[in-house]
Each structure stands twice: as C-alpha cells, then as structure tokens.
Amino acid sequence: MDLLNTLVDKGLRRELPTREEALAVLATSDDDLLDVVAAAGKVRRQWFGRRVKLNYLVNLKSGLCPEDCSYCSQRLGSKADILKYTWLKPDEASQAAAAGLAGGAKRVCLVASGRGPTDRDVDRVSQTIKAIKEQNEGVEVCACLGLLSDGQAERLREAGADAYNHNLNTSESTYGDITTTHTYADRVDTVRKAHAAGLSACSGLIAGMGESDEDLVDVVFSLRELDPDSVPVNFLIPFEGTPLAKEWNLTPQRCLRILAMVRFVCPDVEVRIAGGREVHLRTMQPLALHLANSIFLGDYLTSEGQAGKADLEMIADAGFEVEGADQVTLPEHRSQAGACGDTGGCHEGGGVCGPAPAVAGEPRTELVAVRRRGAGTDLAPNA
C-alpha cells in the first residue's frame, strides 16, 4: 500500500505526515489492519526497539473533584461508586509506589483529583516525591495534579519531579462539549508551564467519546506541535454514573488504528497505551505493543487493570522486553534535548480481560471493574 510505505518513510525521518494521510490511516479497512500495524511497528522499532516501559499509578486523592469533565468518574456530580479519600500521607504513597516498582515499573505517576494544586498541595506532593526517591533509588516520578499556577512547576522540579502530565484529551473545537469548568487553552498553558520549568512534558488524548476522525487527528497534530516527550492514549471507560456511560464506540480494530495514527504523527515520542486498554483492546493488547512502547502496570485511578503478572507474561509472549531502570526511554536526539530521558502519562482507565469481543456500541459493562484495593484501602495493590 503506497500510503503505508510513505508513512513509514516519513516516520523513519521524523517527518510530519499530512492531515489527509493521518485521516487515511483511521479510514483503513479491517482487511488492511495487520498491514497498518506492521508498518507502524517499523517506526516504533526504529526509535524504541522492542522495549516496553512500565509505569505505575498512585492515586493520591480520589474523587471529590469540582471539575465537570464528562469522561471522569471523579467529576463533580459523578454517581460512580468509586473509592473516595483525601490525601495519602507521604509514607503511604511511598509504600504504594514500592509495590509497582517491585513489579517492574520504572516510573511512578502521582495523581490527584481537583482543578489544580494549592501551594500547600504542592508542598505535600513535594514531600511525597522526596519520600519516594529516598526509598527507591533511581525511580522516576511524574506528577499529575491538574492546572498549574505560576511557579508551581518549578517547585515540583526542585522537589525531584521528573515529568508532569496534563492531557489535552480532545480537539480544541469539541473541548467545550466534554468540560465547561476550564478550557482547552488552560490545558495547553499547563503543558507549556511544565516544559518551561524543565519538566518532561506528558500530554495525550482520550478516544471513544463520540469524536470524529477529524477530531482525533486535530488533537494529535496539536500534541505534535506542543512536542511532549510522552503521549498517553486513553480509551474511554464508560463508568456508570457519568454522562458518557452509554458511549461504547470502540472496537479493538479501531483502537489499533488510532494507536497507529498516533505513532505515525509522533514517531519518536513515547506512546503509552493508557486507560481502557483491557476494556477495549481486550485480547488484541499484544498487537498494540507493536505500536506503543509504554503501558501502565496493575490498577488505574478508580478502576482495576489486569493482573501485573499477566502484563509481564503478555510482554514476554509477544516477543518484547521490559525496559530496565538503567535504560533511557527516548531516542538520543530527544533525551539530550529534553529535561528528562524518560516520560510518563497518567490517566484514568482499567477493567479486566473479558470473553468474546464486542461490536462498537454494544455495552460491555462487565469489563469496568471499580478499584477496591491498593491506595486508600487496607488491601494489597495489584502490581
């Protein structure tokens, strides 16, 4: 296929595809799917070999968010039956992080619900970062705390944070349809603040919210322009009790095409399969490793992921290897230019592997498992 040959050539040269080429990837047929995966896989291997980076989420504060993001189980007015708790103490967060690191993760992503941190919150998270780094040599820490005010990114950097995550989520033209309590421009501003402070910027998207192909291409091209080191690709978890509970628009094939498009547009960036991979990719997850070079290990913020042991077996069975703590994630030209050689991305997601595949629009509510273990509970975490 001429399209795929062109995209591979451009990806190997780090050249931006045209919008028409990106849209054409999303429009390919299921008959061409394996060709699309193979082509994007060449680009992935050029820049990241067969390494898979493991990241681990610690939900520092769950629920009780004043923002109205329609996709989120922690949103204002959410009726989702999730865990709700206030800030974990630094030693509690460090213990939670240690479980993920023992399972093979090299990066810990510290996430807290809310519009953005107060200065007191930044102090609290700074203490947590220091506790984690003191007890776990060589660990990388990514913070995800919402919208940043002036000076807060610098303080997190001084405390030892390596990266900051803040997702654009969807295109600028449709952003107001999913959130009204802040703007798309607010999110762009926070990503730029992280960049300016010397943090490794991480920003991604959520697919499956009813957006068009044009919306997906718009947000990925916007991300390319912002130039984050990491782009997490989330697939909507339609939590009962949220406005998007009925949005079951994804198939495994659709998810793979989206990941391939992101890889072609962002060839040398860490692409992470984030929230929703177990729910929507299901048994096709191993194929997605040919497109993305990073995943989360274990559970997510308010939902459960598949067993950490199953993730490690999947990686090995697919012919990939877990990236070691002594390995630099990004290609040399990016790791030397940025503040940090490795990046992360934090977002909601999860579920457990289920049986037969579903067609788009058919609800698979049994795949959405609310997290009841780990941070904020007395039960051992999944890692």
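Tutor: Let's start with a term: a polar contact is a pair of N or O atoms within 3.5 Å, where, inside a protein, one must be able to donate a hydrogen and the other to accept it, and residues adjacent in sequence count only if both atoms are side-chain atoms. Keep in mind that this is a predicted model, where local features need pLDDT of at least 70 and side-chain atom pairs count only at pLDDT 80 or more, while totals for chains, interfaces and linings use all residues. Residues are numbered from 1 along each chain as its sequence is written, and side-chain values use heavy atoms, with hydrogens and water left out.

Student: What makes the pair of Lys 309 and Glu 313 a polar contact?

Tutor: Their side chains are 2.4 Å apart, and the limit is 3.5 Å, so the pair counts.

Student: Is Lys 309 called buried or exposed, and why?

Tutor: Buried means under 20% relative accessible area, exposed over 50%, and partly exposed in between (1.4 Å probe, protein chains only). Lys 309 has 58%, so it is exposed. Lys 309 lies in helix H13, residues 308-317; helices (H or I, at least four residues) and strands (E, at least two) are DSSP runs, numbered from the N terminus.

Student: How do you know how many disulfides there are?

Tutor: A disulfide needs a pair of cysteine sulfur atoms within 2.5 Å. The closest cysteine sulfur to that of Cys 65 is in Cys 72, 6.4 Å away, so that is too far for a bond. Cys 69 is in no disulfide either, with the sulfur of Cys 72 nearest at 6.3 Å. The structure holds zero disulfides.

Student: Why is Cys 69 called buried?

Tutor: Because its relative accessible area is 7%, and the cut-off is under 20%. Cys 65, at 12%, counts as buried too.

Student: What makes Arg 51 and Glu 323 a salt bridge?

Tutor: A salt bridge is a side-chain nitrogen of Lys or Arg within 4 Å of a carboxyl oxygen of Asp or Glu. Here the closest N and O atoms are 2.6 Å apart, and the pair qualifies. It links distant parts of the chain, 272 residues apart: Arg 51 is in strand E1 (residues 51-61), and Glu 323 is in the loop between strand E10 (321-322) and helix H14 (332-335). Both Arg 51 and Glu 323 are buried.

Student: How do you know that Arg 115 and Glu 67 form one?

Tutor: Their closest N and O atoms are 3.2 Å apart, so they meet the 4 Å rule. Arg 115, at 38% relative accessible area, is partly exposed, whereas Glu 67, at 6%, is buried. By this rule the count comes to 27 salt bridges.

Student: How confident is the predictor in the chain?

Tutor: pLDDT is the predictor's confidence in each residue, from 0 to 100. The chain averages 91, and 93% of the residues score at least 70. Over residues 339-358, though, pLDDT stays under 50.

Note on methods. Contact = heavy atoms within 4.5 Å.
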